[in-house]
Amino acid sequence: MTESTPTIVAVVTETANPAPLGLCAFGMTTVLLNIHNAGFFEMNSMILAMGIFYGGLAQVIAGIIEAKKNNTFGLTAFTSYGFFWLSLVGLLVMPKLGWAAPTTAGAMAAYLSIWGVFTFLLFFGTLRLNRALQFVFGSLTILFFLLVAGKVTGNPAIEHLAGYEGIICGASAIYTGIANVLNEVYGRVVLPIGPVKSA
C-alpha cells in the first residue's frame, strides 16, 4: 500500500476595505455636528440620528471588519469613535429621558479632553500610514481641544471657531474615504492621500 500525500487546503478570505465606510461615517457626522457648532442651526434629531446610526453604528461595523483584516489601528480607531458618537448622543438624550442629571460644563470638558488625548496618541500611528490620515487626526485633536476651551471659558466665539475647524476636519475624513474608494475602483491614484514610505 502506498501512503497518500496529505492535501493542504488554504482558506483565502477576501474582505472589502472597511476604511472608506468608517471615514465617511465619521466625516459626514462630524461636518453636520460642526455646522451646528458654528451656529447655523440648533441641535436637532438629524444630528442625533446621524450620531447613532452612521457616525456610531457604521463606524463600529467598520472597526469589526478591520479586526477581521488584522488591522489593529483601524479596529481601535473606528470602534472607539463609533462608540464616541453613541456616548455623545447618550450624554444629550439621557437627561431628557430623566435617566441622569445633565452634564455640567466641567464634566463635558473632561469628556472632550480625554478624547482629545486619545486622538493625539492615535495621531502618532498615522505617521506610518499617509498624509491624509495625519491631517484628519491632527485636525481632530485640535477640534477636541477647541471644544474644551469653549466649555471651560463659556465663550461662544470659541465654540463657533471650533465648528468651522470641525467642518474642515470632517471634510478631510470624507475626502480620505472617497479617495480610498475611487483609487481602488480605478486601480490608480485618482485622489492622492500621500502614502508614507516605510523606512
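Guide: The discussion below turns to aromatic pairs and then to a cavity. This is a predicted model, in which local features need pLDDT of at least 70, side-chain atom pairs count only at pLDDT 80 or more, and totals for chains, interfaces and linings use all residues. Residues are numbered from 1 along each chain as its sequence is written, and side-chain values use heavy atoms, with hydrogens and water left out.

Visitor: How many aromatic pairs does the rule count?

Guide: Rings of Phe, Tyr and Trp (its six-membered ring) pair if their centres lie within 6.5 Å; planes under 30 degrees apart are stacked, over 60 edge-to-face, and the rest tilted. The count here is 13 aromatic pairs. One of them is edge-to-face because the ring centres of Phe 40 and Tyr 164 are 6.0 Å apart and the planes meet at 85°.

Visitor: Are Phe 84 and Phe 144 buried or exposed?

Guide: Buried means under 20% relative accessible area, exposed over 50%, and partly exposed in between (1.4 Å probe, protein chains only). Both Phe 84 and Phe 144 are buried, whereas Phe 40 is exposed at 53% and Tyr 164 is partly exposed at 43%. Phe 84 and Phe 144 also form an edge-to-face pair, 5.6 Å between centres and 90° between planes.

Visitor: Which residues line the largest cavity?

Guide: On a 1 Å grid over the protein atoms alone, a cavity is a set of points where a 1.4 Å probe fits but cannot get out; lining residues have an atom within 4 Å of a point. The lining comprises Leu 33, Met 43, Ile 47, Leu 48, Gly 51, Trp 85, Leu 88, Val 89 and Leu 92.

Terms used:
On a 1 Å grid over the protein atoms alone, a cavity is a set of points where a 1.4 Å probe fits but cannot get out, and a pocket is an open set with protein on both sides within 12 Å along at least five of seven lines; lining residues have an atom within 4 Å of a point.
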